[in-house]
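Please look over the sequence and the structure before reading on.

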Amino acid sequence: MMLIPCPWCGPRDAAEFAYLGEPAPRPDPTAASPEQWRGYLYLRHNVAGPGTERWYHRMGCRRHLLVERDTTTNEVRPHRSHVGDES
Amino acid sequence: MAMRLERQPDEVVDRDVTLTFTWNGRTYPAYAGDTIASALAACGVRIFSRSFKYHRPRGLLTASYLDPGCMVQVGDEPNVRGAHRLVEPGMRVRSQDTWPSLAVDVKAANQLVGRFLPAGFYYKTFMGPRRLWPAYERVLERFAHGGEIPDLSSYQRQDHRYDQRHVHPDVLVAGGGPAGMAAAVAAAAAGATVLLVEEEHALGGHLRWGGDDVRSALRELRGRVETAPGIEVLTDSVVLGRYDDNWVSVVQRGLPTVNERLVKARAKSLVVAPGLVERPYVFAGNDVPGVMLSTAVRRLVDLYAVKPGHRAVVLSANPDGDAATEALRRVGVDVAHVEDARRGGDIVRVHGRDRVRAVELGDGRRVDCDLVVTATGWTAPVSLLTMAGAVPAYDARAARFRADPAQLPDNVLATGGVVGDGSLDELVAHGEATGRVAARRAAAVGRRWRAASPTAHKQAGPLVEVADDAPPALPVDPHPELFRARTHGIVDFSEDVSSADLVTAVAEGYESAELAKRYTTATMGPVQGKLETVNVIAIIAEATRRTIEETGTTTWRPPYAPVTLGALAGPEREPVRRSPLQSWHDAHAATPLVAGAWIRPDHYGDPAGEVRAVREGVGLIDVTPIGKLDLHGPDVPRLLNLVYLNRWSKLAVGRVRYGVMCAEDGVVLDDGVTARLGESSYLMTTTSSGAATVWEWLERWLQTEHPDWRVHITPVTTAYASINVAGPRSRELVRRVVADVDLDPDAFPYMHVRTGTVAGVADCVLWRIGFTGELSYELHVPAGHGLHVWEALLAAGGDLGARAFGVEAQRILRLEKGHLIVGQDTDGLSRAGSAGLEGLVKLDKEDFAGRPELAWQDQQRDYPRLVGLRTTDPTVVPVEGSQVVADDGGIGGRVTSSRMSPTLDRSVVLAQLDASLAHAGSEVTIAMVDGTRVTAVVTAGLAQVDPEGERLHG
Amino acid sequence: MVERGRRTGPRPGRYSALSLLRHGVTGQAWPAAWRNHDMRRGYRVVIIGGGVHGLATAYYLARNHQITDVAVLDKGYLGGGGSGRNTAILRSNYLTPEGVRFYDRSLQLYRGLAADLNFNVMFSRKGHLTLAHSDASLRTMRWRAEVNKLSGVDSDVVGPADVKRLVPHIDTSDRPRYPILGALYHPPGGIIRHDAVVWGYARAADHLGAHLHQHTEVTGIDVSGGRVRGVRTTNGDVAADVVVNATAGWATLVADMAGVRLPVQTFPLQAAVTEPVKPFLRTVVVSGTLHVYVSQTARGELVFGASVDPFASYSTQGSLEFTEGLASHVLQLMPSLSSLRLLRQWAGLCDMTPDFAPIMGPTDVDGFLVDVGWGTYGFKAGPVSGEAMAECIATGRTPEIISSFGLDRFARGELLGEKGAAAVGH
């Protein structure tokens, strides 16, 4: 399996991680319309090519991290930002 | 051994060690080092199997692992490659698929009707009547081609051992021919650790049968490999696949202690050096025993000292064909004729059925012979390169597909025949240069990995820097394009697919290579296309009047060589989680229950008695698998408020609260109780199966949405043994083993928590909660002392009738009390309202997981409800999963939980019902599994025992 | 121009035992199963995706609704996507009543398909066993069995002894890590030759007048005024009244061209096949707990599948981890297969929806219909999907049998309940 560049543990086998997919910004839970909320729940861009995604180092440091992966080749690169400060 | 030659200079058999084995019941001799096929061939055996479709006799073609005509059954192992597997003493070898015998095979009658069985014939007939198809099917099944797997009853586990190994070489070299060996040596000299993997039983590749000219070069290369530091050699091993980031799998065979081993390597560089595979030639009768490839002849003569025949005709298009001719002459085979394909020579037909009797040449001449040797070209086994992203292109000048090294990622290189031709010196030089580059790139990868590991120990790269010398180009020799003579013959020997079949497929519209292959099944057999793919493409190109380049190549899929399920599985490795009390349960005749990762006691023989003990006296259950998370930090209440439906800001120290979590779609995720042990210290429990999910769920909120919150989570599920003491006399029992906690109901009321010493064990956590509906204490004891506390409780409670109860009794108790189990009484669509949890949902909280969905659900009235049911006949227990039938005959819900209640002496039932049916007092119909219908009434609440909760609070 | 009506007259190249014999004697060549046509400037219906769904839609449009001005476009060869990469298992014992009814219709069409298409698709009614290794899965199986029974589908819970009788090679002792507690047995289930289904539909659709355009990739979809106008392809622009997205793996990319967003994520699903051995496995065996399903083909190979890969991807590269997990699980079920060799692995792309049910019918763009989101169970649904989509196109109304599969259910938050049972739903 491919290597995921964990910012804490270095490149590690993807089997150690849980895939959490394309980050979807959470709408304001008090103001979101059903359409917005269900977009957050169900709609993803499903890009064919490079995209940002979130992984969780389940069998390692237990940190969430961002990577850039090309979904057509599985080529992975570290993402420039950390989880929590994507914006 | 009538066909055994005198001692040959390069032979691999040990004439000092004679073995015997059986073939179809008859005993044969062999020398150590013989393959099954070489030993049999030395004794004059020429037929080893029958072909798939027409049951034509088949002999040796390649005399290698790939030989399609030499698949045999060895003991209980099917599909053994007889031309590769070494003879072992006493081996029992049988031919496969023959009835009644190899010599007389009834199904060979298919040859006579072959003209009625064109490619895809089965798609065109047997269509009706439909009821007859199963009968046709049984007939077709008889043709299934392969050996037999053993019955479970006769299968001996100890005879089938497999294992796995992880390796981390700097450079992995796939192929131990001259270029591969040179690459390994050069990489090692540059400081790299090297794994050199060779498919054959020894290193050397084609040098092994290269004769006098290369003998000393081979000896020298082998010597350099042997003395080089840091090279590990695996022979009889094949690289199976190259996956992302050079994750490489290797199968290692022929080991003394295990049948096969899967070696998994994260190689910093991969050097692909598989050499070339000789390609068969397509002409009429090309599968008659006695037709073989030039490399087969040289293997038989040089390695095994076996005379391949008496009188030979050779079709040669290259120096290897010429060398085979020389080898035959040298050992006294009468070479009746050499047809030189470079000067337009050809052979068009073999005469003979079970052996070659004569061959018809391109000019019509007929030459009597018993051996036909072809040397018509090579296939580059590019599959590892294609797995790395290369797209091989057809090179008409060389008459083979070649991969462009420029298409490869930096960490994959290629050398040897798969790249080009050249003299031995050129191959070695190319290998060395490639090995040096591989070592340099491996060093760079290593530095990159270290640089990307902030927490790893930093160390200077030990690898020697070498110059960036890109490998020199290898020349590519011209070779005539020879795929098929003007007659039709077999293309895929495993599948019995002929060139005529391919032409038919194209004519019927299956024009693209993939469709024609699928229609005819060409390349689908155990040889995996290694011998036949290029011929298949060439014939499709010819039939479609396209070029080979336009027809293209096909996808090579892993594994490169067949690998046993045993090796892929490796040793059994399914861990089981056992509570520290499990040994006690085992010793007390507990019926084990496989509960996800855990083994738990289902009951101790009498679940109803266990229930009564809890209702009337006191019982103990091992609840260690309950998930436990230690939460620390000032922001824990904010986290709890976010993940639970209810409110947590005001939970006082020493208090416990029940909570339910929903996912963002409002669907119930998990439930449990959480206690506040100290100012900023909390202990959360989850369901057993939800422990990991909830931990990740909390981390997700903390790390992605609220990284500023100060909360630290430590999973402590297995740090504690957890014991629930339940029943009206539980306080009495607990009091006997706890000294430092005031158990008085006013001092330690329901839904409170204390820490204290239990049976002399300090730092225990005591909760007053009650899943069973009884007065109960849940004790979390440091795991190492769990068994001691358990036994102390039982000893102390002897006169109170204390006894252990299992999971089944607990299920009954909670059902009597109407407590739901997430995942059983709810499903993947149950939002909180459908689990009877409306009261817990605090919509006045600004935010919590799933809030919008639950707010919208709150505005609806038509969602399914969880209800209690009382069957009209109290003795009826509808099986869990039984359906509730609505008046219109449609499905109106289902029974989620049901048991006979020992306490009430009647059935207790929970059900999910459509809103229209879920009114207290309304009658519903349940369809029983036996087809009968029973009625039941919806109860007012979920609890059937002690609905007011007096027993809990006592 | 709209062609209507079935072609009349004797059908050339009809397949039968007799014709096989005649061709054998005379050496006469068979006509092509389908023809190559020049692309027209427009078709009434353009179907994107030449797999079983697209081809079945074209076939039923012609057969049931006499609409033959139809083009089926595929960027590769016919059946090169999910139709040629699945494990060819058929069953109808789903969990929800709407699922059961839908797949039962599909199975019914599959049973008559060989005669219907004059192409032997080799449906083998082997029976289908879903093993239960925990009381929770046994409970779900009972639930499924009861729903099936009420819907008239033959499916029931059986005990370990029945499992042993049906598949003697299965270890039903308590030795395995996850012992077998029972199974859901579904006698009408089985396997079929998946390529033959594709070819049979292609041949029949071609015969009735549909045009099949292989190696024709759709590069754009023209939408104006809220309705579809046509498609742009690597073989030129084509006008169309109706465009159907019948792709798998690329469903979101195609829908994006029409400006329609789908709640779909694409995951690879891997499969593998062993070398052939003598027949010993007469039943399709599935274990959800062990993430494996297995059947033996008439050729003797074992065909294996598992659950989808753990991360979304458009790569169809096989993974080593899949084969390791698969082998380990297969040997837990059938230990004596240890020396059997895996021959080939491959992957297909699965468009997963949030509720493991498909998305079928109209979209917000008039004339742009979808038949997508098939997850791991699209092949089973080929015939009924083709039949229903054809009706949807011909009548302009969504047939009742697919009414619960509409795209709008997600925005309404009304998901279907197949997910629990379909996690490894084969």
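In strand β23 of chain B, Ala375(B) is the bridge partner of Ser316(B). The model is a predicted one, in which local features need pLDDT of at least 70 and side-chain atom pairs count only at pLDDT 80 or more, while totals for chains, interfaces and linings use all residues. Residues are numbered from 1 along each chain as its sequence is written, chains are lettered from A and ligands numbered from 1 in the order in which they are written, and side-chain values use heavy atoms, with hydrogens and water left out.

**Strand β23 and its partners**

- Helices (H or I, at least four residues) and strands (E, at least two) are DSSP runs numbered from the N terminus, and two strands pair if DSSP finds at least two bridges between them.
- Strand β18 (residues 311-316) of chain B runs parallel to β23(B), and 5 bridges join the two.
- Strand β17 (residues 291-293) of chain B also pairs with β23(B) in the parallel sense, over 3 bridges, and here Met292(B) has Val373(B) as its bridge partner.
- Of the 5 residues in β23(B) (residues 371-375), 5 are buried, where buried means under 20% relative accessible area, exposed over 50% and partly exposed in between, with a 1.4 Å probe and protein chains only.
- In a regular strand the side chains alternate between the two faces of the sheet.
- In β23(B) both faces are covered, with Leu371(B), Val373(B) and Ala375(B) buried on one side and Val372(B) and Thr374(B) buried on the other.

**Aromatic pairs**

- Over all chains the structure holds 35 aromatic pairs, counted when rings of Phe, Tyr and Trp (its six-membered ring) have centres within 6.5 Å, with planes under 30 degrees apart called stacked, over 60 edge-to-face and the rest tilted.
- The pair of Tyr19(A) and Phe267(C) is edge-to-face, because the ring centres are 6.3 Å apart and the planes lie at 85°.
- This pair joins two chains, because Tyr19(A) lies in strand β3 (residues 18-21) of chain A and Phe267(C) in strand β12 (residues 265-274) of chain C.
- Tyr19(A) is buried, with a relative accessible area of 16%, and Phe267(C) is buried as well, at 12%.
- Tyr510(B) and Tyr519(B) form a stacked pair, 3.8 Å centre to centre with 10° between the planes, and both are buried.
- Ring pairs link a cluster whose members include Tyr510(B), Tyr519(B), Tyr15(C) and Trp30(C).

**Charges over rings**

- Lys530(B) lies over the face of Tyr560(B), 4.5 Å from the ring centre, the criterion being NZ of Lys or CZ of Arg within 6 Å of the ring centre and within 35 degrees of the ring normal.
- Arg177(C) lies over the face of Tyr178(C), at 4.3 Å from the ring centre.
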